[in-house]
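Here is a short walk through a predicted model. Look for its open space, then for its ligand.

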Amino acid sequence: MKTKIQEKFRSLFGEDGQLYMSSGRINLIGEHTDYNGGYVFPGAINFGIMAEIKPNGTNKVKVFSIDFNEMAEFGLNEEDKPKQAWACYVFGVCRETIKRGGKVEGFNAVFAGDVPLGAGLSSSAALESVFAFAINDLFGNNIEKFELARIGQSTEHNYCGVKCGIMDQFASIFGKKGALMRLNCKTSEYKYFPFHPDGYKLVLIDSCVKHELASSAYNKRRESCERAAAAIRENHPDVEFLSDAKRLWLEEVRDKISQEDFLRAEYVIGEVQRVLDVCDALERDDYETVGELMYQTHFGLSRLYEVSCEELDFLNKLARKCDVTGSRVMGGGFGGCTINLVKDELYDDFIKAVKEKFTAKFGHAPKIYDVVISDGARKLQ
Ligand code: GLA
């Protein structure tokens with residue numbers, strides 16, 4: 001990937017730039033909790049996006065995507081939004097940096113990545129983060145790291161139409177080799193947890209399905225949560241986010257909100273607690289409990305939050321049958337991957353069963369990714 005990028009940069013621009021890298025992410029537990037002010041528990045992974053960049057002394061950005069084999073050119077004013085969807089991520093990062101008082105001038109860039117698209121591994125956050133990090137470094141802006149993550153998040157909100165939380169960009173910027181991070185999305189406090197599950201493997205199974213309109217369905221989930229929180233707030237004025245609410249307080253407003261909003265909120269309140277329970281279990285090396293909580297999350301995401309699908313439910317059931325310790329749909333949902341915690345000795349049989357049974361049922365093979373918890377955004381030598 002590195003050589004490809006460097007050769008392309010040289011052939012397009014006749015010189016060398018600086019290389020940066022950022023990563024996709026997994027999330028062990030804590031799904032759809034970030035925009036509810038709850039906890040998440042992600043880590044950066046060994047799939048990422050690499051970019052070579054150099055200021056070009058103009059007020060225009062020229063950026064080439066190796067994976068789309070396409071060049072985008074744009075100015076840095078609000079009306080200069082490029083037409084290619086992928087380029088809007090880079091444009092958004094420039095605009096959000098400028099809005100925060102940062103300096104951004106024209107630059108040339110080439111980038112490529114190996115984060116599978118649409119798999120729920122946050123290729124978009126990796127793209128935002130590598131550019132947010134690089135621009136901050138190249139133009140000497142000294143924007144602190146958490147704000148760089150927010151630049152990526154605001155890019156999604158204002159230029160890509162997804163009202164996402166902070167988890168993906170946080171993981172991509174703050175990721176550390178061998179560690180998961182528990183982030184309190186309300187206070188922005190975070191803690192690194194070394195994650196070396198001896199005797200287990202962490203494997204992602206990509207259903208290779210991606211549902212259309214996933215982003216509008218995502219935004220709708222968020223609206224449900226906000227309505228439920230608003231109803232609870234009438235009785236309990238201190239409830240700023242849904243994560244502040246107790247299960248009992250939700251019960252009090254059962255008749256005031258729709259059944260759908262109730263189920264969404266019920267899931268979120270349970271999930272916030274599950275993150276804390278998983279962290280406690282990890283501190284005791286109790287992977288059986290971690291796994292059981294992952295199955296509970298899957299149940300909630302499937303039946304209450306309704307962001308699973310037939311293929312993912314199938315993978316989850318199959319994991320249970322194969323005695324996999326923990327399994328659940330990961331990320332925003334509506335397709336993508338399950339994350340599985342599998343005992344070493346069961347791994348081969350599980351993968352074999354997944355390949356055979358999934359392919360027989362759905363007519364296409366799933367993809368298998370063995371992930372390693374890795375570093376997040378950084379400058380390369
Ligand atoms: C997507 C969003 C995140 C988070 C997850 C669900 O990945 O970008 O902010 O809400 O979905 O946990």
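**Pocket and ligand**

Helix 3 gives the most to the lining of the largest pocket: four residues. Helices here are DSSP runs of H or I with at least four residues, strands are E runs of at least two, and both are numbered from the N terminus. Helix 3 spans 123–138. Other elements that each supply at least two lining residues include helix 2 (85–99), helix 6 (214–235) and strand 11 (335–343).

The model is predicted, so local features need pLDDT of at least 70, side-chain atom pairs count only at pLDDT 80 or more, and totals for chains, interfaces and linings use all residues. Residues are numbered from 1 along each chain as its sequence is written, and side-chain values use heavy atoms, without hydrogens or water.

The largest pocket holds about 1200 Å³ of space. A pocket is an open set of points on a 1 Å grid over the protein atoms alone, where a 1.4 Å probe fits, with protein on both sides within 12 Å along at least five of seven lines; lining residues have an atom within 4 Å of a point. In all, 48 residues line the pocket, and Tyr89, Gly118, Ser123, Ser124 and Lys210 are the closest to its centre.

Now the ligand. Residues around the ligand (a heavy atom within 4 Å) include Glu31, His32, Cys164 and Met167. A polar side-chain atom of Asp34 sits 2.5 Å from a ligand oxygen. For Tyr218, that distance to a ligand oxygen is 2.6 Å. A side-chain N or O atom of Arg25 lies 3.1 Å from an oxygen of the ligand.

Definitions and conventions:
Points joined across faces, edges and corners; volume = space filled by probe spheres on them. Polar contact = N/O pair within 3.5 Å; in protein donor to acceptor, adjacent residues only side chain to side chain.
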